[in-house]
Amino acid sequence: ALIAVVGLLAWSCSDDNIVAVYNPDNVTAQTLGDVTGTTLTPDGEPIVINFSGVDFGLDVPASYTLYVAKAGTNFDPQQKVPATIDAEKGTITIKQPDLNTALLNLGAAADQDFEAEFKLVANALTDKNVPVASTTTTSATKTATFKAYEATLLDKDVYEIVYVQGSYAGWNFDNCQYLYNYSKDGHTYSGVGDLSDKGAEGIKETG
């Protein structure tokens with residue numbers, strides 16, 4: 001009956017005789033702290049937001065993703081905010097240029113007030129560190145007003161990317177080329193790359 005109600009996922013615990021069952025009724029959602037608006041600058045101090053972690057009712061790891069949208073749009077569209085999310089410290093650290101890019105993508109005009117809403121999304125992870133979609137939990141939203149600055153947006157600023165890693169780049173992310181999610185569906189990435197004479201040595205794609 002429980003499986004029929006919850007529809008469910010299970011994780012093996014350290015004791016092979018125990019199976020932990022995920023029940024959404026036992027989840028305590030993460031909470032996002034207040035966001036302080038500011039006038040963004042290319043060299044401004046990182047923005048730090050506090051949060052408390054999700055409790056899935058199970059001893060499983062969690063992943064977190066921060067999203068921003070124009071206030072009043074119900075997060076349609078929304079932008080994923082590149083951030084360093086430290087669950088142990090309960091902090092989210094955002095570089096001002098990264099938030100500026102996200103706001104420009106949402107239609108913010110330079111030097112004008114832009115009211116933004118933020119939400120923190122959590123997912124339980126499998127033992128392969130893959131987020132489980134059916135465990136998605138969303139925090140309450142927080143609103144703050146920012147002023148963006150004018151900046152040139154490259155394709156990698158507009159579309160999500162994966163890195164094309166390989167010996168052609170010296171296995172260095174700073175030298176990598178990208179594939180782009182032009183359809184913005186989060187699944188299909190494409191692009192044209194030049195692997196020089198080292199294509200036969202193989203490539204890897206990574207987030």
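This is a predicted model: local features need pLDDT of at least 70, side-chain atom pairs count only at pLDDT 80 or more; totals for chains, interfaces and linings use all residues.

Visitor: What makes strand 12 and strand 13 a pair?

Guide: Two strands count as paired if at least two bridges are found between them. Strand 12, residues 161-166, and strand 13, residues 177-180, share 4 bridges and run in the antiparallel sense, so by the cut-off of at least two bridges they pair. Within this pairing, valine 162 stands opposite leucine 179, and tyrosine 163 has tyrosine 178 as its bridge partner.

Visitor: How do you know that strand 12 also pairs with strand 14?

Guide: Here again 4 bridges join strand 12 to strand 14, residues 203-206, and the two run antiparallel; glycine 166, for example, stands opposite isoleucine 203.

Visitor: Why are strand 13 and strand 14 said to stand at the edges?

Guide: The open sheet has 3 strands in the order 13-12-14, with antiparallel pairing. Strand 13 and strand 14 each have a single partner strand, so one side of each is left without a neighbour in the sheet. From one strand to the next, the twist averages 30°.

Visitor: Why is tryptophan 171 called partly exposed, while serine 196 is called exposed?

Guide: Exposed means over 50% relative accessible area, buried means under 20%, and partly exposed lies in between. Tryptophan 171, in the loop between strand 12 and strand 13, has 44% relative accessibility and therefore counts as partly exposed. Serine 196, in the loop between strand 13 and strand 14, has 61% and therefore counts as exposed.

Visitor: What is noted about the phi of tryptophan 171 and of serine 196?

Guide: Most residues other than glycine have a negative phi. Tryptophan 171, however, has a positive phi near 55°, and serine 196, which is not a glycine either, has a positive phi of about 55°.

Visitor: Is the peptide bond from aspartate 76 to proline 77 cis or trans?

Guide: That bond is cis, with omega near 10°, and proline 77 lies in the loop between strand 5 (62-70) and strand 6 (79-80).

Notes
Residues are numbered from 1 along each chain as its sequence is written. Side-chain values use heavy atoms; hydrogens and water are left out. Axes are lines fitted to C-alpha atoms, for helices over the stretch in contact, and angles run from 0 to 180 degrees between N-to-C directions. Buried means under 20% relative accessible area, exposed over 50%, partly exposed in between (1.4 Å probe, protein chains only).
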